[in-house]
Amino acid sequence: MSGTSHPVATIEDLGRFAGQTVELRGWVHNRTSKGKLHFVTLRDGSGFCQCVLKKNQVGDELFEEIGGASQESSIVLSGEVREDERAPGGFEVSVCGGRVMQSTEEFPISPKEHGADFLLSRRHLWLRSRRQWAIMRVRSAIMFALRRFFDERGFVCIDSPIFTPSACEGTSTLFEVDYFDEKAYLTQSGQLYAEASAMAFGKVYTFGPTFRAEKSKTRRHLTEFWMLEPEVAYAELEDVIQLAEDMMVSVVGEVLERRRTELDVLERDISKLEAVKGGFPRITYDDASKMLLENPEIEFIEGDDFGAPHEEFLASQHEQPLVITHYPKAVKAFYMKEAPDDPTRVLAMDIIGPEGAGELIGGSQREENLQVLLDAIAKHELPMEEFEWYLDLRRFGSVPHGGFGLGLERLVRWITGVEHIRETSPFPRMMTRIRP
Ligand code: 4AD
Ligand code: MG
């Protein structure tokens, strides 16, 4: 858009323009008026900034127009950037001109409290609120930090397909689609393809949408979510755990550095994130289950998988994320490697976040032995013919390898401290919601 003669600035970057006159392009977040003054909180997507309009400086016409422009009217303002310690963001704009692009009336989402359903039905507008702004900007920074972490360590990004002919994580949560008269499924995980890619490129990751027909209406489940899945040739369980730990420390550190304003908006207790320094506590499934059995307040049957209350209890003993290893083979996926000293256990690891974050990461060393894997596929009653290509990875140059899957929205939920996962996805998909 061609504008005035002033340079176009973004609110995030106002620091570079102190003392200069700039043009800001955005929307009215809020406005209060006092006699011959309007105070407009302008939002432009990059931030929020107070703009002051004096009637004798901007002229009667613009002053009247702005006076009629209510919440979410689109406006362009030019003015001088003034450093002001009291202003949120540290700058205020003293307006000298501008125009109203569209004057809006009765924006449906006012600053008052609304119910979750009301807001979710208006997600396309709700995204404009300050809180959603903060969450999405943290999400974006997390995605960038994750990719940076892996790219800087020589990982190759390999995109796994979304249409797949078979399950990776159990058949009960598959979304079926009609693929030209053939049954296909939306992917639950890119792992099997990441394994093939690791044999070709050494260190890889896939990062994209995954789907689970989860019939759970919890604060931690979406039906569509993003998963980041690194996979490394010649890696053993210990390497996989160390990689996950380094990744977490790096990403949390980067978010603390780049998204402090947003975390402040969310009133996040920063000290909880600063505690993530590495050296994560670890416990085996057997030791964890002993702890649970000793605690009469928690119901737990030995040998079962851990559910949310178990994970929450175990993780609450620590400040940093907790690594749980060596789960029973019976509760985990077919591809996990048997523990060499105990065939009833697998070389699996889950990472459980603190503060009720739940399972953030699930990973393992993979079974590299062809015969053991054949038996596992049969035992899980998976269609062998669909796994022939995967079995080739064990026929041609099989090596120890492993990786994990990180649920992006789970991580965003924990880092931002929001209660419900639905706020961590721009347009969340849940059992009860597919619109807008
Ligand atoms: O533990 P999961 O099922 O592991 C896998 O899919 C492996 N194939 C990953 C791998 O080793 N490459 O899922 C991994 C993570 C979970 O730890 C959780 O963070 C997230 O994905 N996740 C979900 N997030 C939101 N909603 C759901 N319904 C989720 N299901 C799993
Ligand atoms: Mg899991």
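Predicted model: local features only at pLDDT ≥ 70, side-chain atom pairs only at ≥ 80, totals over all residues.
On the α7 side, the contact is formed by M248, V251, V252 and V255; α14 contributes L411, W414 and I415. Sorted by class, this contact consists of seven nonpolar residues, with no polar and no charged ones.

Let me turn to a second pair of helices, α10 and α11. Here the packing angle is about 95 degrees and the axes are 11 Å apart. Because angles of 65 to 115 degrees count as roughly perpendicular, α10 and α11 are described as roughly perpendicular to each other. Helix α10 runs over residues 285-293, and α11 over residues 308-315. Which residues meet in this pair? From α10 they are A288, M291 and L292, and from α11 they are H310, F313 and L314. The class count for α10 with α11 is five nonpolar, one polar and no charged residues.

Is P7 buried, exposed or partly exposed? Its relative accessible area is 35%, so P7 is classed as partly exposed. Setting aside neighbours within four places in sequence, P7 is in contact with F17, Q20, T21, V22 and E23.

Finally, the cysteines. How many disulfides does a search of the whole structure find? The search returns zero. A disulfide is a covalent bond between the sulfur atoms of two cysteines, and the cut-off applied here is 2.5 Å between those sulfur atoms. For C49, the closest cysteine sulfur is that of C51, at 4.4 Å, which is too far for a bond. C49 is buried, with a relative accessible area of 2%. For C96, the closest cysteine sulfur is again in C51, at 11 Å, and this too is too far for a bond. C96 is partly exposed, at a relative accessible area of 41%.

That concludes my presentation.

Conventions
Residues numbered from 1 in each chain as written. Chains lettered and ligands numbered in written order. Heavy atoms only, no water. Contact = heavy atoms within 4.5 Å. Helix = DSSP H or I, 4+ residues; strand = E, 2+ residues; numbered from the N terminus. Nonpolar A, V, L, I, M, F, W, Y, C, P; charged D, E, K, R; others polar. Buried < 20%, exposed > 50% of the residue type's maximum accessible area, 1.4 Å probe, protein only. Axes fitted to C-alpha atoms, helices over the stretch in contact; angles between N-to-C directions. Parallel < 35°, antiparallel > 145°, perpendicular 65-115°, else oblique.
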